[in-house]
Amino acid sequence: MPLLELKDLTVSYGRIEAVRGISLTVDEGELVTLIGANGAGKTTTMRAISGVRPLARGSVHFDGKDIARVKAHERVLQGIVQAPEGRGVFPGMTVLENLEMGCYARTFPTKAAHDEVLEHVLELFPRLRERKDQLGGTLSGGEQQMVAIGRALMARPRLLLLDEPSMGLAPLVIQQIFRIISEINGEGTTILLVEQNAQQALSRSHRAYILETGEVVKTGPGTELLADPAVKQAYLGVA
Amino acid sequence: MSALVLAGGQVLADGVIDFNVGALGRNFWSLTVSGLTYGSIYALVAVGYTLVYGVLRLINFAHSEIFMLGMFGQYATLMLLGFNPSGDVFQQGVLLTIVFLGVAMVGGMAVSGGAAVVLERVAYRPLRRRGAPALVFLITAIGASFVIQEFVHFVLPKLTGNALGGVNAQQPIRLVQPSTQFELFGANVTNVDLVIVVAALALAFAVDRFVNATKFGRGIRAVAQDPVTATLMGVSRERIIVLTFLVGGMLAGAAALLYTLRVPSGVIYSGGFILGLKAFSAAVLGGIGNLRGALLGGLLLGVMELYGQALFGTEWRDVVAFVLLILVLMFRPTGILGESLGKARA
């Protein structure tokens, strides 16, 4: 049984269908990527999974249960946690307060358990430890992305949704962020990743789906898609 | 000098406006003390405007009526405690008086807090469900303000056998006879001044800690700064909205009790309007959406208004308050401290 299963997912903005009947699955422990150009419906799909965008048709099953009626903030409790597009760092909160927002709903049984997870996040992102009292709005893009991922980890997600973590970052920082994503997945956290940086994302994912104008046009193992001539041409800039 | 003399000897507004610098200078410290007490009250009410604005981008114009209901709340509480409205001062001894004031304050806070939550539930939540535009919220706020006033004006007397509400102000219940406790730079500081300032400081400190250092406060700030991401963190926006109305309402209720100490002239259905407008101005003055700005703006407005009153004459007091607001906004459109609850929601 897959951890996440979308069946015929359709999401519309007014009369425009941004996502048209997507079906996909993510198994426990997998790193799955959604690749697509701007406007392909990637972010809309993520928002629908998190519940901040209503479905027009289709279903979202998490852990075997239909969660269509579960409110967005309650989905966090079930373990669906998202680091949103544009990072969504709270600008007027310190780095530490931002991280604490991650476990707003999923509180820890003991202070020790809390400290352990926080310590783990700060080990993944040593930069955040240096900046822990700095306001979110004053961080660089890379640091903000670290806050966004670290904050999501504070909720101990069963399914981590990462929406374009590489957006607007310098190549070196992108490398670093992707390394950490692999590391988090290696520790057993299931990840659904949305990316435009196909090279990095595909080479690191177990499987991938390619989205074009709201529909899945191709799917397969990451490395296989990486070798696909059509994919190469469309997403990797190789003629 | 009691008139505006233009170049060429033309006299404007003779006898209408004074420039009594002497009065301001002579009474500077007593005006300051008095202004701080009014300012503390504005500050507490202003917090309600600013918090709700922070999470909803809504100017809750009915907040002045929440304050007015708090005046009735503390009044009713005192009646239930057995005080008979007579306008005379009850002599209870210091300790007992403080206890009664405390209970009355809790009564005012309960009524105002409860009313604010009901207001949110009845007036604003249905609009949010339907995704109404901002203007509709604003008009609803003004409408709700009238509804609450007229409720106290016409309905409340029928419900209470004419004990509360109605056209005329109720006889005040006075627990404290103002008496000078000590002098500060030649200004008399009364027991009433002390109670107001100390209580307001304690409440301001409490609400500041609540918003800046507790989990629920963090939830309020998260919704103010980025509502969608807050939801993704598991924050229920609806619950946070109710919470902000509750906190803002409770502070207005507490302010209502302090106000009846400052101005012991009885409670009336129209008694919240001007004060609410001033508190709203105070919130804008300090930077609406900014908690500390609201507190600072309240104190500043209270003091400046009394300086203005001494300088220009009593009837110019309200004018001074609003001219000050306009002047500050001309040079700092986001208020003195700027917007911080929802800071840089880029």
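D8(A) belongs to strand β1 (residues 4–13) of chain A, where strands (E, at least two residues) and helices (H or I, at least four) are DSSP runs numbered from the N terminus. Although not a glycine, D8(A) has a positive phi of about 50 degrees. The model is predicted, so to speak of local features pLDDT has to be at least 70, and side-chain atom pairs count only at pLDDT 80 or more, while totals for chains, interfaces and linings use all residues. Residues are numbered from 1 along each chain as its sequence is written, with chains lettered from A and ligands numbered from 1 in the order in which they are written.

Chain B has a residue of this kind too. N162(B), not a glycine either, shows a positive phi of about 65 degrees. N162(B) sits in the loop between α5 (134–159) and β3 (180–184) of chain B and is exposed, with 10 other C-beta atoms within 10 Å.

As for chain B overall, the count is 12 helices and 4 strands. Its radius of gyration is 21 Å, close to the 20 Å that the globule rule gives for 346 residues, so chain B is as compact as a globular protein of that length; the radius is taken over C-alpha atoms, and the rule is 2.2 Å times the number of residues to the power 0.38. The C-alpha trace of chain B spans about 65 × 55 × 40 Å along its principal axes. Buried residues make up 48% of the 346 in chain B. Of the contacts in chain B with a separation of 6 or more, 77% join residues 24 or more positions apart, a contact being two C-beta atoms, placed from the backbone, within 7 Å.

Chain A splits into domain 1 (1–79 + 157–239) and domain 2 (88–155), with bounds from an automatic or database domain assignment. The centres of the two domains of chain A, taken over C-alpha atoms, are 23 Å apart. Their contact draws 13 residues from domain 1 and 10 residues from domain 2. On the domain 1 side, two or more residues each come from α2 (72–78), β7 (159–163) and α7 (171–186) of chain A, and α7(A) gives the largest share, 4 residues. That side has 11 nonpolar, 2 polar and no charged residues, with Ala, Val, Leu, Ile, Met, Phe, Trp, Tyr, Cys and Pro taken as nonpolar, Asp, Glu, Lys and Arg as charged, and the others, Gly among them, as polar.

The largest nonpolar core has 168 residues, of which A43(B), L44(B) and A255(B) touch the most other members; such a core is a set of buried Ala, Val, Leu, Ile, Met, Phe, Trp, Tyr and Cys residues joined through C-beta atoms within 7 Å. Helix α2 (residues 28–56) of chain B gives the most to this core, 17 residues. Both domains of chain A contribute residues as well, so the core lies between them. Leaving out residues up to four places away in sequence, A43(B) touches A200(B), A204(B), A282(B), A294(B), L295(B), G298(B) and L299(B).

Where the chains meet, the contact takes 21 residues from chain A and 18 residues from chain B. On the chain A side, α2 and α3 (95–102) each supply at least two residues, and the make-up by class is 11 nonpolar, 7 polar and 3 charged residues.

Notes:
A residue is buried if 20 or more other C-beta atoms lie within 10 Å of its own, exposed if 12 or fewer, and partly exposed in between; C-beta atoms are placed from the backbone.
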